[in-house]
Amino acid sequence: MIRFANVCKRYPQRGDALQGVSFHLAAGAMAFLTGHSGAGKSTLLKLIALLERATRGQLFVDGENLSRAPRRRIPMVRRKIGMIFQNHHLLFDRTVFDNVALPLVIAGYRHQEIGRRVRASLDKVGLLGKEKVLPITLSGGEQQRVGIARAVVNKPLVLLADEPTGNLDPDLSRDIMHLFEQFNQVGVTVLIASHDLELISRMPYPRLQLENGRLLNGEIVSKP
Amino acid sequence: MRFPRFLENYLARHAQVALSSLGRLYRAPLASLMTAAVLGIALALPTGLYVLTDNLQRLSTQWDGGANISLFLRDSVATEQAQQLQRKLQQWPQVDSVQLITPDQALAEFRELSGFGDVLDALQDNPLPAVIAIKPATAHAHADAAGALMQKLRDLPEVDIAQLDLQWVKRFHAIVDIVRRSIWVLAALLGLAVLLIVGNTIRLEIQGRHTEIEITKLIGATDGFIRRPFLYSGFWYGLSGAVLALLLVELAFFQLHGPVRQLAGLYQSAFSLQTLSFAETVALLGAGATLGLLGAGLAVGRHLAAIEPDHLG
């Protein structure tokens with residue numbers, strides 16, 4: 001599903017963020033991306049979502065060569081990917097329902113279909129009944145779950161999460177991780193960047209370990 | 001009529017965005033109204049001048065349409081000869097009607113209208129010449145043709161003086177024409193102002209919704225999707241400005257309507273002010289909406305590309 005072939009990313013000011021990264025994450029697999037801060041975790045995720053372009057090398061998502069994708073393809077690539085961020089990136093002037101519905105609105109779904117899918121998605125993260133609430137009134141954990149509901153509402157092939165548990169206490173973190181496992185069980189490819197080693201060491205998933213922009217292990221990660 | 005599914009979806013989405021943009025303006029009524037007012041005034045100025053000169057032009061065509069040629073006959077021409085001439089002129093194709101005013105009739109009319117009856121009694125004989133008033137046929141009523149006709153009439157042996165009082169109408173025409181042309185310059189400048197005002201308003205709106213744009217791009221919104229609400233905002237701004245301009249112009253001319261009627265009445269004229277016709281109203285609203293759309297398009301083109309989500313987490 002996600003394949004990197006000798007990918008390099010160099011920033012004009014900061015120098016090399018990623019050097020010669022190669023790995024393959026098979027469809028339906030789940031893996032953690034670890035490393036100290038500044039190791040290149042975020043950069044790697046950005047490349048997958050086309051928030052950044054690789055300086056060298058090739059990367060494929062769902063068989064599509066992203067290094068060759070023209071600008072107008074970017075939205076379509078991002079629609080295959082659900083992204084979850086540490087600080088949620090919610091719209092605070094809209095209700096939970098509207099936030100979760102956004103990907104569907106963008107993709108041009110019909111009204112009834114949107115309502116059905118948003119409720120299903122909120123149900124999955126345990127927030128059904130909070131549809132009409134503004135996100136600002138929710139706790140950090142709940143906001144994160146709204147972000148997850150939004151990421152999965154249009155049934156993406158891939159889920160990317162950047163430090164999804166960064167601001168949460170251990171219990172809430174476990175709940176969130178459990179959610180990701182559930183999505184993975186229905187066939188979504190999941191890649192989670194995290195430095196919460198204590199948490200992920202207790203989970204049976206392979207790790208891609210980055211250090212100073214280089215991948216230390218995990219050339220091929222297939223479905224467990 | 002049944003639309004294909006994708007077209008129906010497309011139209012529904014556009015209608016939805018159009019309405020939500022309108023709703024956004026409605027939710028900030030004061031700011032929206034201020035912008036619309038500025039646009040309205042900018043559009044009302046050239047529109048008002050246009051209506052004004054349109055009326056002046058109509059008024060002056062009424063004048064030269066009623067251009068009568070007066071032939072003052074020589075003293076030596078007797079009444080029978082004058083009547084003969086009248087009959088002869090009546091046959092001319094350029095002539096609509098001919099009226100003979102004998103010296104006696106002229107004197108009676110003058111006595112009645114001028115109020116100088118007593119003075120006239122003191123005169124020994126009638127100083128007024130016979131006059132033939134000619135109304136040119138419609139095809140010859142405008143200034144140039146009437147002038148040519150007058151030249152021809154002047155050469156008649158019975159005619160002492162032929163008079164066509166159209167010179168000032170011509171000058172008036174020329175002045176109105178100049179004013180009309182300068183209106184287009186003014187309209188172009190103020191149109192540009194509308195473009196810039198809408199552009200700037202939309203630019204501020206884009207800045208205000210920076211995060212939202214970033215997030216929607218992150219989720220996979222196309223440029224078109226992000227552009228659409230701003231373009232509709234510009235459209236609504238332009239349209240509401242034009243509606244306001246229309247109201248301002250109608251109100252201003254409504255104020256003038258009564259006094260102008262009264263003045264026209266004093267000149268025995270049925271002239272009354274006319275404001276914008278249906279086609280002109282549609283043109284004004286269309287111009288406003290188009291300028292709004294263009295202004296928004298400029299702002300969107302310049303500022304949206306600059307917003308790219310480049311940070312995660």
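Two strands count as paired when DSSP finds at least two bridges between them. I start there because that cut-off decides what may be called a neighbour in the sheet. The model is a predicted one.

Take strand β8 of chain A, residues 189–193. On one flank is β3(A), residues 30–34, which runs parallel to β8(A) and is joined to it by 4 bridges. Within this part of the sheet, A:F32 sits opposite A:I192. Strand β7(A), residues 158–162, is also parallel to β8(A), and here there are 5 bridges. In that pairing A:L160 faces A:L191. To get from β7(A) to β8(A), the chain passes through helix α6(A), residues 170–185, in a right-handed β-α-β crossover.

Now, is β8(A) buried or exposed? Of its 5 residues, 5 are buried, so the strand is largely enclosed by the rest of the structure. The burial applies to both faces. A:T189, A:L191 and A:A193 are on one side, with A:V190 and A:I192 on the other.

Next, the contact between the chains. Chain B puts 15 residues in contact with 20 residues of chain A. On the chain B side, the elements that give two or more residues are α1, 5–27, and α8, 210–218. Helix α8(B) has the largest share, 4 residues. Sorted by class, that side of chain B has 7 nonpolar residues, 5 polar and 3 charged.

I have given the contact as residue counts. The size of an interface is often given instead as the accessible area lost when the parts come together.

Definitions and conventions
Residues are numbered from 1 along each chain as its sequence is written. Chains are lettered from A and ligands numbered from 1 in the order in which they are written. This is a predicted model: local features need pLDDT of at least 70, side-chain atom pairs count only at pLDDT 80 or more; totals for chains, interfaces and linings use all residues. Two residues are in contact if their C-beta atoms, placed from the backbone, lie within 7 Å. Ala, Val, Leu, Ile, Met, Phe, Trp, Tyr, Cys and Pro count as nonpolar, Asp, Glu, Lys and Arg as charged, and the others, Gly among them, as polar. A residue is buried if 20 or more other C-beta atoms lie within 10 Å of its own, exposed if 12 or fewer, and partly exposed in between; C-beta atoms are placed from the backbone. A crossover is right-handed if, with the strands pointing away from the viewer, the path from the first strand over the helix to the second runs clockwise.
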